Amino acid sequence: MQRITNNMIQHRLDEINELMQTPMETFFDRKHVVGNIHTYDNAVVQTKNESGGIAYLARTSTKREAYEHLVSMCETVRQFRLHRGI
């Protein structure tokens, strides 16, 4: 099995944020950016308000699980867009 690195996870996060057309950065001017998808304690989350409130998209406990969920999310969005012709 290949070791999952932070760079691999960041690449997938950038990819999902780009596909979903959500902001790429987590913080701007010392405030949370609403809509950004990122990891928090190895869980995949999305920022919901400028105060830092989050919604869990995938509750995972390891980097490998988080990475696998991100890969699945990217593929799901790609298939949805292909099916809808977006």
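## Ground rules

We're looking at a predicted model, where local features need pLDDT of at least 70, side-chain atom pairs count only at pLDDT 80 or more, and totals for chains, interfaces and linings use all residues. Residues are numbered from 1 along each chain as its sequence is written, and side-chain values use heavy atoms, with hydrogens and water left out.

## Overall layout

The protein chain has 2 helices and 5 strands, taken as DSSP runs numbered from the N terminus (helices are H or I, at least four residues; strands are E, at least two). Reading from the N terminus, the order is α-β-β-β-β-β-α.

The C-alpha trace spans about 35 × 35 × 20 Å along its principal axes. Buried residues account for 33% of the 86, where buried means under 20% relative accessible area, exposed over 50% and partly exposed in between (1.4 Å probe, protein chains only). Take the contacts (heavy atoms within 4.5 Å) between residues at least 6 apart in sequence: 31% of them join residues at least 24 apart.

## The sheet

An open sheet is built from 3 strands in the order β3-β4-β5, with antiparallel pairing; two strands pair if DSSP finds at least two bridges between them. At the edges stand β3 and β5, each with a single partner strand, so one side of each has no neighbour in the sheet. From one strand to the next, the twist averages 45°, using axes that are lines fitted to C-alpha atoms (for helices over the stretch in contact) and angles from 0 to 180 degrees between N-to-C directions.

Now for the two hairpins. β3 and β4 are joined by 4 bridges, and Thr39 has Val44 in β4 as its bridge partner. The turn of this hairpin leaves 2 residues between the strands, and Asp41 there has a positive phi of about 55°. β4 (residues 43-47) and β5 (residues 54-58) are also linked by 4 bridges. Here Gln46 is bridged to Ala55, while Thr47 sits opposite Ile54. This hairpin has 6 residues between its strands, with Gly52 in the turn showing a positive phi of about 105°.

## The nonpolar core

What goes into a nonpolar core? The term covers a set of buried Ala, Val, Leu, Ile, Met, Phe, Trp, Tyr and Cys residues joined through side-chain atoms within 4.5 Å. The largest one holds 15 residues, and Ile9, Ile16, Val44, Leu70 and Met73 touch the most other members. Helices α1 (6-20) and α2 (63-84) each supply at least two residues of this core, and the largest share, 6 residues, comes from α2.

Ile9 is worth a click: beyond its neighbours within four places in sequence, Ile9 is in contact with Ile4, Thr39, Lys63, Tyr67 and Leu70.

## A buried asparagine

Asn36 sits in the loop between β2 (31-32) and β3 (37-40). Buried or exposed, then, is Asn36? Asn36 counts as buried, because its relative accessibility is 1%. Setting aside neighbours within four places in sequence, the contacts of Asn36 are Asn17, Pro23, Met24, Glu25, Thr26, Val45, Gln46 and Thr47. With Glu25, a polar atom of the Asn36 side chain lies 3.3 Å from the backbone oxygen.

Methods. Polar contact = N/O pair within 3.5 Å; in protein donor to acceptor, adjacent residues only side chain to side chain.
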